[in-house]
Amino acid sequence: MKRLLCFITLLLITLVGLPTIVSAQSTTDTVYIPGAQSLEISNIVNADTAVSEHRVYVLDRGAIYYLEAAFEINSSCEFIATGNENARPPVLAVAIRADGSNEEWFFKLIQTGISVELSDLYLLSMRSDGQTLGWSRGIHIGADNSSLKLRRVVFDGFTEAGIRVDGADFYKLDVQDCH
């Protein structure tokens, strides 16, 4: 009888304690994109945002990342810089495609209820051949109940808008130390 009572007690402790341990695990995943892969950033981010977990994208200070396509953000994420604090922030600039065309938007928030944070980034809306983009947009907010937090982000040369809310209701913007 004592063994049965001990077994039941141990079973209850295990069943009650196990879900607490499992739910305490982190749901954040960090993706480091080195400056050497700067031409692949659009492919990496757009393939990765198909997942539903919170992502942190870490970019190298001093590197220039060329966008082939806008980042279509459909899950919560952060973009942050790593490296020497005295170095310039990572630059996101458009790539010139083989046919001479280019992307004109950088970030598209397209999923309801997501949270996006950008820190220490320089968004450059000019091509490497010196041409200014037509109707360029840094961040497009097209999803309801979304949240955008910007810290030390520079928007340079945008012809339409740095941030544009288009068809979204109930969004939250938190912008500090940005130009």
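Is cysteine 178 buried, partly exposed or exposed? With a relative accessible area of 22%, cysteine 178 is partly exposed, where buried means under 20% relative accessible area, exposed over 50%, and partly exposed in between (1.4 Å probe, protein chains only). The structure is a predicted model, in which local features need pLDDT of at least 70 and side-chain atom pairs count only at pLDDT 80 or more, whereas totals for chains, interfaces and linings use all residues. Residues are numbered from 1 along each chain as its sequence is written, and side-chain values use heavy atoms, with hydrogens and water left out.

The mean pLDDT (the predictor's confidence in each residue, from 0 to 100) of the protein chain is 85, and 82% of the residues reach 70 or more. Over residues 18-26 pLDDT stays under 50, and for this stretch the model has one contact beyond four places in sequence; contact means heavy atoms within 4.5 Å.

The protein chain contains two helices and 12 strands. From the N terminus on, the order of elements is α-β-α-β-β-β-β-β-β-β-β-β-β-β. Among the contacts with a separation of 6 or more, 76% are accounted for by residues 24 or more positions apart. Of the 179 residues, 35% count as buried. The chain exposes about 10,000 Å², of which carbon and sulfur atoms supply 55%; accessible areas come from the Shrake-Rupley method with a 1.4 Å probe, and for residues only the protein chains shown count as cover.

In soluble globular proteins, nonpolar side chains tend to be buried together. The largest nonpolar core of the model has 32 residues, and Phe79, Leu92 and Phe107 touch the most other members. Such a core is a set of buried Ala, Val, Leu, Ile, Met, Phe, Trp, Tyr and Cys residues joined through side-chain atoms within 4.5 Å. Leaving out residues up to four places away in sequence, phenylalanine 107 touches Phe71, Ile73, Phe79, Leu92, Leu118, Leu123, Gly138, Ile139 and His140.

The structure holds 12 salt bridges, a salt bridge being a side-chain nitrogen of Lys or Arg within 4 Å of a carboxyl oxygen of Asp or Glu. One of them pairs aspartate 120 with arginine 152, with the closest N and O atoms 2.7 Å apart. This pair links distant parts of the chain, as aspartate 120 lies in strand β8 (residues 115-124) and arginine 152 in strand β10 (residues 147-156), 32 residues apart. Aspartate 120 counts as buried at 15% relative accessibility, while arginine 152 counts as partly exposed at 41%.

In a salt bridge between arginine 127 and aspartate 129, the closest N and O atoms are 2.8 Å apart. Arginine 127 is buried at 11% relative accessibility, and aspartate 129 is partly exposed with a relative accessible area of 41%. Arginine 137 forms a salt bridge with aspartate 166, the closest N and O atoms being 3.8 Å apart. Arginine 137 belongs to strand β9 (residues 137-141) and aspartate 166 to the loop between β11 (161-165) and β12 (172-176), so the pair ties together parts that are 29 residues apart in sequence. Arginine 137 counts as buried at 5% relative accessibility, and aspartate 166 is partly exposed at 35%. Salt bridges that share partners also join Arg61, Glu85, Asp120 and Arg152 into one network.

Arginine 151 is likewise located in strand β10 and counts as buried, at 12% relative accessibility. Apart from neighbours within four places in sequence, arginine 151 is in contact with Leu118, Ser119, Asp120, Asp174, Val175, Gln176 and Cys178. Valine 175 forms a nonpolar surface patch with Tyr171 and Leu173, with about 260 Å² of accessible area together. Patches are made of residues with over 30% relative accessible area and no salt bridge, like charges being joined within 9 Å and nonpolar side chains (Val, Leu, Ile, Met, Phe, Trp, Tyr) within 5 Å.

Cysteine 178 is found in the segment after β12. Not counting residues up to four places away in sequence, cysteine 178 touches Leu150, Arg151, Arg152 and Val153. Cysteine 178 and serine 119 are 59 residues apart in sequence, with their C-alpha atoms 9.5 Å apart in space.

Note on methods
Helix = DSSP H or I, 4+ residues; strand = E, 2+ residues; numbered from the N terminus.
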